[in-house]
Amino acid sequence: MTIQTHIQPSRVRYAPDFELRGIDTQVHHLARYLEKFQAVGVVFMSHHCDYVQSYIERLKTIQIELQDQGFTLIGINANQNLEDRFEQMKNFANYYQLNFPYLWDSTRDVTESFGAKTTPMSFLIDTEGCIRYQGAIDDRPAEPAAVKQPYLRKAILELLQGQPISIAATETIGCALQWGN
């Protein structure tokens, strides 16, 4: 499946500041990340979603390749079903050897404030807290070798190089967020 639809963001939006517990049991603050990094990627994830699983290695690669250039990635899980609870998050992160923080939005407040509807859905935030990109990670969820449009990666590089973001928003496909047991 190919993601082809680009959408135009209606206005500048600021990311909601958050304080969320990570699988490392520490509380993570978006404001602290914005003080340390030029660009912060937030990806809403869930364990049961095949789309998320197909993107894990690509997300880990983005983190490895761009972390020394002033970028960091943060995963957030807001699903409220039994398979996505905090203990399962730890197992998921260990199994996939995540190299970025994985946080739990137990109240769903952060997820709703961002406007995330599916997993995975990515947001790129600049040092001022502005959301500079939102949408799909790339145009080929199930075919990593066939990617023609690495939306998130391209937006990160443009932001780090001080360039305008050429595609600021795309439609996402994935699994719907689950709000109940």
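Arg-21 lies over the face of Phe-86, at 3.7 Å from the ring centre, where a charge counts as sitting over a ring if NZ of Lys or CZ of Arg is within 6 Å of the ring centre and within 35 degrees of the ring normal. This is a predicted model, in which local features need pLDDT of at least 70 and side-chain atom pairs count only at pLDDT 80 or more, while totals for chains, interfaces and linings use all residues. Residues are numbered from 1 along each chain as its sequence is written, and side-chain values use heavy atoms, with hydrogens and water left out.

Rings also meet one another. Rings of Phe, Tyr and Trp (its six-membered ring) are taken as a pair if their centres lie within 6.5 Å, with planes under 30 degrees apart called stacked, over 60 edge-to-face and the rest tilted, and by this rule there are 8 aromatic pairs. One of them joins Phe-44 and Phe-123 edge-to-face, 5.8 Å centre to centre and with 85° between the planes. Because Phe-44 lies in strand 4 (residues 39-45) and Phe-123 in strand 8 (residues 121-126), the pair ties together parts that are 79 residues apart in sequence; helices (H or I, at least four residues) and strands (E, at least two) are DSSP runs, numbered from the N terminus. Both Phe-44 and Phe-123 are buried, a word that stands for under 20% relative accessible area, with exposed over 50% and partly exposed in between (1.4 Å probe, protein chains only). Elsewhere, Phe-92, Tyr-95, Tyr-96 and Tyr-102 form one aromatic cluster.

Two packed helices are described by the angle between their axes and the distance between the axes. Helix 2 (residues 50-66) and helix 5 (residues 151-160) pack at about 15°, with their axes 11 Å apart, the axes being lines fitted to C-alpha atoms over the stretch in contact, and angles running from 0 to 180 degrees between N-to-C directions. In this packing, Leu-59, Ile-62, Glu-65 and Leu-66 of helix 2 meet Leu-152, Arg-153, Ile-156 and Leu-157 of helix 5, contact meaning heavy atoms within 4.5 Å.

The buried residues include Tyr-151, Ala-155 and Leu-160, and what covers the buried residues of helix 5 includes strand 4, helix 2 and strand 8. Helix 5 is followed by Gly-162, whose phi is positive, near 75°. Ala-168 has its place in the loop between helix 5 and strand 10 (175-176), and is partly exposed, with a relative accessible area of 24%.
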